[in-house]
Amino acid sequence: MPLPFPKTLPALKLSGLLLATVGLAAQPKGAIAQSALPEGNPMAQVTSVSEFADVSPGDWAYEALAYLANSEQQGGLDCLEGYPDGSFRGRQALTRYEFAAGLASCLDAVIGRLENLDPEALARIEALQREFARELADLRGRVDVLEDRTAELEANQFSTTTRLAGEAILDINDLFGDQFEAFGNNTVFQYRTRLNFQTSFSGDDLLQTRLTAGNRQPRTVVGSFGNPNVVPNVVPVGTAEGVLVPAIGGVTNNNVQVDRLTYGFSLGQRLSAYVAAIGGTHQAYVHSTLSPFFNDADGGNGSLSPFSQYSPIYRIGGGTGFGFNYRFDDAGTLSLSLGYLADNAANPGEDSGFFNGDYAALGQLTFAPSQDFNIGLTYVHGYHTEVANSGISTPNAIFDLGLGSGRFFTGTVPANALHGALGVPAVTNSYGLELAWRISSGISLSAFGGYTNLTLLETGRGDIWYYGLGLAFPDLFGAGNLGGIMVGVEPYLTGLRGQYTLASLGLENDTSLHIEAFYRIRVTDNISITPGVIVVTAPEQNRDLFDAFVIGTLRTTFQF
């Protein structure tokens with residue numbers, strides 16, 4: 001678009017004082033000098049030349065500056081702008097192109113007042129146009145080129161409402177130690193990639209459509225239950241203790257899958273809503289999981305395992321449903337989160353559907369008296385059928401994110417799938433406490449504890465416990481780096497009452513420690529490398545079967 005000023009004006013003589021004022025008279029056309037323009041919004045309107053801190057009435061440039069900067073009431077053009085600190089910086093070099101840009105802005109400001117200007121003012125304006133004709137023409141050409149490029153981008157852009165956010169995780173990992181009758185303990189090189197289409201229609205909403213593909217294969221553990229004669233339906237994938245984050249959604253056999261379709265939007269200044277058609281999770285709509293640094297958006301830049309990301313209570317159920325978050329004040333000091341997610345909402349079969357199949361309903365109060373200290377109280381009520389899907393014999397799981405297929409992402413087999421192994425549905429009532437404390441700029445503490453009361457319908461009751469304590473060290477040894485240590489206990493079944501006991505099923509309730517350490521190295525804004533190690537003691541809550549195992553990993557994450 002051409003700059004908005006006339007091509008010709010009445011001619012009168014221009015005083016050489018104006019050019020000397022800005023230090024251009026002795027400078028060759030097109031000369032390049034250090035820019036005096038600051039970043040951001042560099043110029044602020046100055047209504048009087050007396051406001052320039054470094055120009056006084058005794059200076060030789062005062063008269064010309066006054067004419068350009070003074071208001072109309074003071075006999076000036078009221079179009080010269082200075083810096084936000086009130087200075088003109090006349091001793092700094094200024095290129096002719098920089099002055100031409102300011103001149104164009106000045107001409108634009110006075111274009112509607114030409115008829116009211118005296119002949120001397122019109123002559124000065126015309127002389128300025130002549131003197132800077134080449135620079136002004138160049139500026140017009142540059143604007144035209146930018147306008148053409150903008151039009152081309154608009155014509156060929158993917159969408160005016162959607163942007164693409166991608167993440168690719170490549171990692172080498174291996175398992176060391178007592179293999180406890182396991183197979184598949186070779187070093188592997190695996191990947192998971194996600195493309196997230198983020199669409200906003202109003203600026204206060206977000207529609208997320210995510211595509212995921214991966215080649216990950218779980219390390220299978222057999223003989224999870226001590227008495228297979230009593231419990232014949234053993235979960236084939238074994239324990240989830242120490243599983244790595246990319247295992248979530250990364251087992252697709254290199255096929256692309258739509259694993260998330262959700263929509264979040266505001267219902268006022270304090271109320272927000274969340275609707276999930278597929279891939280809904282509780283952590284997506286709650287005010288906070290109170291796990292800063294360990295938890296990141298897609299798992300490529302936080303901790304190594306799902307257990308250390310945030311409390312396992314948020315992984316009870318998932319899939320399709322809705323959630324709400326309400327802040328009781330503008331600062332979010334106290335927030336209430338409510339949600340309902342169903343595993344098999346699209347399946348009209350028996351023990352499925354939105355209300356008749358697996359579901360989990362969550363309520364959470366988050367108290368945030370300061371930015372450095374938050375505490376949360378969480379309750380989840382869930383119903384879990386004995387099989388993952390209607391007509392499929394794979395046992396269902398509790399901490400499964402609603403994905404079914406016998407997969408779960410934290411804890412032991414007894415804590416996740418005892419009801420499925422026994423062939424009975426289960427009802428769970430879970431209670432959690434979460435805490436986040438920013439001790440200093442370089443140290444952050446995250447802690448959680450949870451208890452799940454397990455009811456095996458018409459069979460008995462059990463107790464599932466889990467807790468963890470983590471320290472994060474942001475910017476450790478460099479900006480953007482992150483160190484982390486997490487020590488805790490993944491969900492495990494500590495007691496069983498009723499028709500069965502732990503002893504009758506050949507199960508133990510040994511405390512199994514999860515010890516994790518990682519260090520994320522920020523290579524660039526888009527690439528990070530994270531070496532780390534996980535140690536699990538007494539896996540499957542039975543140290544008599546196997547003492548411990550160690551998982552080592554080297555993760556590389558690309559974000560774009």
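Trainee: What makes the pairing of the Gln190 and Asn173 side chains a polar contact?

Mentor: In this predicted model, the two side chains are at 3.5 Å. The cut-off for a pair of N or O atoms is within 3.5 Å, one able to donate a hydrogen and the other to accept it, so the pair counts as a polar contact.

Trainee: Why is Gln190 called buried?

Mentor: Its relative accessibility is 8%. Buried means under 20%, so Gln190 qualifies.

Trainee: Why is Phe322 called partly exposed?

Mentor: Phe322 has a relative accessible area of 33%. Buried would need under 20% and exposed over 50%; 33% falls in between, therefore Phe322 is partly exposed.

Trainee: Where is Phe322 found, and what is it in contact with?

Mentor: Phe322 belongs to strand β8 (residues 319-327). Beyond its neighbours within four places in sequence, its contacts are Tyr274, Val275, Gly339, Tyr340, Leu341 and Phe354.

Trainee: What makes a set of residues a nonpolar core, and how many residues has the largest one here?

Mentor: The members must be buried residues of the nonpolar kinds, joined through side-chain atoms within 4.5 Å. The largest such set has 28 residues, and Ile316, Leu418, Leu454, Leu456 and Ile464 have the most contacts inside it. β7 (271-280), β10 (359-370), α8 (413-422), β13 (443-456), β14 (460-474) and β15 (482-498) each supply at least two of its residues. α8 gives the most, with 3 residues.

Trainee: Which residues does Ile316 touch?

Mentor: Among them are His282, Ala360, Val380, Ile398, Phe399 and Tyr466, not counting residues up to four places away in sequence. A second, separate core of 14 residues includes Phe294, Met486, Val536 and Ile551.

Trainee: How confident is the predictor, and where does pLDDT stay under 50?

Mentor: The mean pLDDT is 81, on a scale from 0 to 100, and 75% of the residues reach 70 or more. Over residues 1-49 pLDDT stays under 50, and the model has 126 contacts beyond four places in sequence for that stretch.

Terms used
Residues numbered from 1 in each chain as written. Predicted model: local features only at pLDDT ≥ 70, side-chain atom pairs only at ≥ 80, totals over all residues. Heavy atoms only, no water. Buried < 20%, exposed > 50% of the residue type's maximum accessible area, 1.4 Å probe, protein only. Helix = DSSP H or I, 4+ residues; strand = E, 2+ residues; numbered from the N terminus. Contact = heavy atoms within 4.5 Å.
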